[in-house]
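Thanks for coming. I have one structure to go through today, so please look at the screen.

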Amino acid sequence: MRYRILLMLSVSAVTLPQDVQGQPSGSTAKPRVEEIVVTVRRPLAESAAAALEAQRKSVSLVSVLSADSVGNLPDQNIAFAIGRLPGVGVERDQGQARYVNLRGAPVYWTTLSFDGLSVVSPQGRDSRFDNIPSAIASQLTVEKAVVPSMAAASVAGNVDIRTRRAFDYDGQKITGKLGYGHVSLGGGKEIDGALIYSNIFMDGRLGVVMQGSYYSREMATDNWETDPYLSNTTDPTKRFAREHENKHYRLTRTNPSGSARIDYRFDDDNSIFASSIYTLFHDDELRDNFIFRLDQGTNAAGVGYTTPGFITANSPVAGTVFGARINARIDYRDTKESMTTNTVGGEHKVADWDASWRLNYTYTSDGRNTPVTAAFQSPGAFNLRPTVDYDFTNGNVNTVKLFATSGTTAARIKGAQVTNIEDFPFPLTSIGRLLGGDITIANTAKLDLARDTEMFGMSTRFAVGGLFTARTKKSRESSMSRAFTTGIIPTYGTFATNDIAYLGSQNLNYTFRYTDEAFTTRFVDDLISSGAATPQNTDANYWKVREEVSAFYAMATSALDWGNVVYGARVEHIKNTGEALVAFPAAAGTPAGTRLVNTSSGDTLVYPSVHVNWDINSEVKARIGATTSSSRPDFDDLRPNFTINDTTQSVSGGNPDAKPEKQRGVDAYVEWYMTPSGFFSAGVFYKDIKDVLVQTSGVFGVDTLDLPGLDRSGYTFTGVGNGGDGHLEGFELAYVGTAEGLAQRLRLPEWMEGLGVNLSGTFTSSKVTLPAVSGVPARTINVLGTSDAVYNIQLTYEKYGLSVRLAYQYRTPWGQSVGAYRLVNGLIIPVDNGDIYWDSDEEMDLSIRYQINENVEAYFDGVNLTNQGARRYGDNKLYPIEFEKFGPRYIGGVRLNF
């Protein structure tokens, strides 16, 4: 028998023709060679090719991530997936990518859409992406420069998730995934599964696709927090931490999803669809916390921790505190963030116009149920409290050691080390339950019309459209609790169990026991059912804000010999109304009481933009764009929850009159689509920022809180307001390529053809000037979320059915929030922590896939392989406030394709 083996490579597949028809042994006849093509998939190459094709055709600046030929994206959730793209930095929670910073901008400058229709995230303006499984998507487009047809709120850009549809495939398609894994820290298990069914019926007119996915992970966390840092007038250069805390997390995180879409084609010119998407992100979080209140202790002579005598003689980073107080907490958090978005729409050809319409209803819930919340506290006697040696010199390993305390008030003695924290008494002070959350309901109608025409002597695609959306967000809570002051008072040990060994890896210098979830929850259930736990007044936490957006746009795409120009404008009118329960103090003969306060505001803004796409040659494209956009205040910034103080004539709280942050930007990029494969891009960007939302102080200026005979409009108001101006600028580089062509030209070994690389770097500089507040002069900071540099490095190998990707991301520190400052002896020093920053972050993940046959693929993923840990600090790196590690995790399984 004679065989002929041919290896054929393409962007989308590797084909392996082979002889399957031989001749009998010993035959002298000329052998007949027949070929059967066996497809060997190349998922990384397939995804890259589809993404670059979509990116090249775009009329504005985008980065694209496409599914491979069977519809698989490479990561479990959307945040992980787009975190591999140029210009994208991610912020994580519990080691899992959650928020997106586009080109150094704050997370709330990035919007979210499904199939081109903007939706609201459960948290509001901060679009979360970890609650959206990648199984929903067939393509992700990061739109970095807005065009008039996009929502003006996309200041940094928009992440558009193109969902699956049946007409993406030829006939029936069934794909699935099932994986099982291990989380190294805590020894928990990880499960990841998905199933997608798609088919076409009625002679190709009806398409149906359904998807379901489930992900869960059991984990523990190594965590400490040292904060807040207290300012003082004795020596402002010394900032002592008020407390040190260990949070002992046990966490189960689940993320189920389901979606369905039906498309019906009446004919080539008319089609309609209906789709529904549901996602749930559930954290079942058990926290057992131990807080060491250093500020409640003294030195050996009884001199208080916060007094000049202690501050002068001691160091903030290492020392001894006698009689520090232990506060312990139990918090069982059952948080559920869900989103349901339902859309019906159609595409029609009417005369010379292409018409597209959408009707959408979206419901989101941001739950914060806490079935158990309990507080414990050391007694008042110093000799029943520990003497604490604190050591904060490392910054990554802040620790305490506990010792017995004896002696007299003015002559305290440090005794023997105590390694079991329960040897110190800290009885229960209160226990209860909190239920509540935020609900958002959005209704949207959208119409787009487009036609081909001629404008200014140029062949032009002209488009107009309108949108109306009404979003209502409401927050409310209920709380039950019981205080323990007399009688039989439980201790922490009442709720502890011996059945669970320590799940973390920290050297705590003490031992403890986890609490028993079932027993502790029953304890609270019994208090509530017996009436021993009483309702708490939560009126001050109620608020509702409604936002109505009416938008109209007109834009044109005019073709020229060398490319095209996209130009137009968008007009948006915003109307906000709000209500909240406010506690009014007794004044001007009016008794104290809670009243419902109503507010309203409105604004109209115009957003012009222009984009020039120049085809320099068949491979190189230049893009230049000028855009305008704005970021509206978040819903809770607009809520009219006010706190009134008639004594100081001041008001604080939300600001219903806050205006959008405004941006004018310029982008200039060059993209090189190499032949036969490969991609390189380089670009610069600049954004001028006005009316940044910051903490401000000024005249209240409205009569909302006035009473007969009492005018509060002249009171001093402190809250979020427009006051900062600044800019954001930077440049971006990206390269995607393989060694295939080089290896062939140099006649290198065939296996080397599978090597590839995907590189990107984003380098930014920013500044925002904050206005003077409470006597502190104006100061400058970086735009929140801006890292000086973000690097993405992916090394790939793909050949012989094997696909390997080693992905590494590094980003320099970035700001998380703006804090308060004050003047002390001419120095500007933080109040508490001041501005809070995340320290530099690195992540490394490994993905291996092997195609067993046309229907089955085995895979293995390793996540967080460097286990660097996440570190936050206040004001500067000398004052770390939190450090946590999550450990690597590993999962393997199979993907199916039929």
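Two strands count as paired if DSSP finds at least two bridges between them, and strands here are DSSP runs of E with at least two residues, numbered from the N terminus. This is a predicted model, in which local features need pLDDT of at least 70, side-chain atom pairs count only at pLDDT 80 or more, and totals for chains, interfaces and linings use all residues. Residues are numbered from 1 along each chain as its sequence is written, and side-chain values use heavy atoms, with hydrogens and water left out.

Next, the loop between strand S11 (173-183) and strand S12 (189-201), where Gly 188 lies. Is Gly 188 buried or exposed? Gly 188 is buried, because its relative accessible area is 7%, and buried means under 20% relative accessible area, with a 1.4 Å probe and protein chains only. Leaving aside neighbours within four places in sequence, Gly 188 is in contact (heavy atoms within 4.5 Å) with Gly 181, His 182, Val 183 and Glu 218. Gly 188 and Leu 503 are 315 residues apart in sequence, yet their C-alpha atoms are 9.5 Å apart in space.

Last, Ile 431. Not counting residues up to four places away in sequence, Ile 431 touches several residues, including Val 372, Met 480, Phe 495 and Leu 527.

Technical notes
Helices (H or I, at least four residues) and strands (E, at least two) are DSSP runs, numbered from the N terminus. Buried means under 20% relative accessible area, exposed over 50%, partly exposed in between (1.4 Å probe, protein chains only).
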